Amino acid sequence: MTSDSTTTPLDILATAEDWKASGRNVALATVVETWGSAPRPVGSHLVIDDQGNFEGSVSGGCVEGAVVSEAIDVIDSGKPTVLEFGVADETAWQVGLSCGGRIRVYVEPVGPSAA
Amino acid sequence: MDFSLLTALNKERSERRAAVLVTDIGTGAQRLILRSADTSADPLHEELQRRFRSGKSGMVELDDGTSAFLTVNVPPPRLVIIGAVHISQALVPMAEIAGFDVTVVDPRTAFATEERFPGGTLKAEWPEDVLKSTPLDPYTAVAAVTHDPKIDDIPLIEALKSECFYVGALGSWKTHGKRVERFKAAGLSDAQIGRIDAPIGLDIGAASPAEIAVAVLANIIFALRKEAGGLQ
């Protein structure tokens, strides 16, 4: 069962369930559209808690910081949002991802926001 | 995402069942579509069926001008090898590295030993018994390599009747010719029989058991990525 994505530590949807079940406030970010040579495919997930802990990735590391801070707002407000990033900006170039891609990321709270 | 929806989705995934989460990214409204569900009345029916085949997530435009995101979850590909033979000893680790869940089935206890197949992939049972508990699904490949019709035929016939994405059988053209006659007599159509990859594997002149394993895995990946529409 080495390749069963539901049993690996990097299974983000399972991690989201575990974190929520253990009482943490959680948001889930999903890459919903990409243009150009985006580093992570559509459907990639990042799970974030309200302390800024996260697992997974929506890019090669260049926009996760921004997604995490937006996700904390989403946990507070309980309202989903859509973020858009050009991956070829200055920050991306500095971390070695001058790939020229753009991505849209959907960020949603997990569970009733009051929970 | 509602927590109950997340747990329902994860349950489907852990049971090797495909499911699509439909998210209206304008309103945040979501619903979960199981592969087993009848979607014929759903406005997204054709799109959903296509996504279950391709395994690819993506945006879809709806008739009312809004757009939804489809998070498509299909199981990791599985390879069922009939025959705990020398080729299988090479094919198991190769297929596992390539990301497959691998099961080896062989009722012959001289072949089916833990020493030859460490790691829990082995079932020393008749294939027909194993198939009762773990039926073949569209995300499964079957490779029959025992050379023995008593062992190979039933799982091959079951595989050809199922939706599994690859069916391969070891044996020369002559051996395969006899197999075709038996399968016709068993009531299979030419189209069903034509799905069999035989002689098995991509023609790379493979000579040793390990090389044959490479050839078999190559054709399984071809079927998965090219013919089945690019399962993730």
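The model is predicted, so local features need pLDDT of at least 70 and side-chain atom pairs count only at pLDDT 80 or more, while totals for chains, interfaces and linings use all residues. Residues are numbered from 1 along each chain as its sequence is written, chains are lettered from A in the order in which they are written, and side-chain values use heavy atoms, with hydrogens and water left out.

Let's start with chain A, which has 3 helices and 5 strands. Helices (H or I, at least four residues) and strands (E, at least two) are DSSP runs, numbered from the N terminus. Reading from that end, the order in chain A is α-β-β-β-α-β-α-β. Of its 115 residues, 43% are buried, where buried means under 20% relative accessible area, found with a 1.4 Å probe on protein chains only.

Now look where the chains meet. Axes are lines fitted to C-alpha atoms, for helices over the stretch in contact, and angles run from 0 to 180 degrees between N-to-C directions. Which residues of H1(A) meet H1(B)? Leu13(A), Ala14(A), Ala16(A), Glu17(A), Lys20(A) and Ala21(A) do, with contact meaning heavy atoms within 4.5 Å. Their partners in H1(B) include Phe3(B), Leu6(B) and Arg13(B).

Further along chain B, helix H3 covers residues 86-97, and its buried residues include Ile87(B), Ala90(B), Leu91(B) and Ala95(B). Just after H3(B), Gly99(B) takes a positive phi of about 105°.

Finally, find helices H5 (residues 149-161) and H6 (residues 173-185) of chain B, which pack at an angle of about 60° with their axes 11 Å apart. H5(B) and H6(B) are therefore oblique to each other. From H5(B), Pro149(B), Asp153(B), Leu156(B), Ile157(B) and Leu160(B) meet Arg179(B), Arg182(B) and Phe183(B) of H6(B).

Definitions and conventions: Buried < 20%, exposed > 50% of the residue type's maximum accessible area, 1.4 Å probe, protein only. Parallel < 35°, antiparallel > 145°, perpendicular 65-115°, else oblique.
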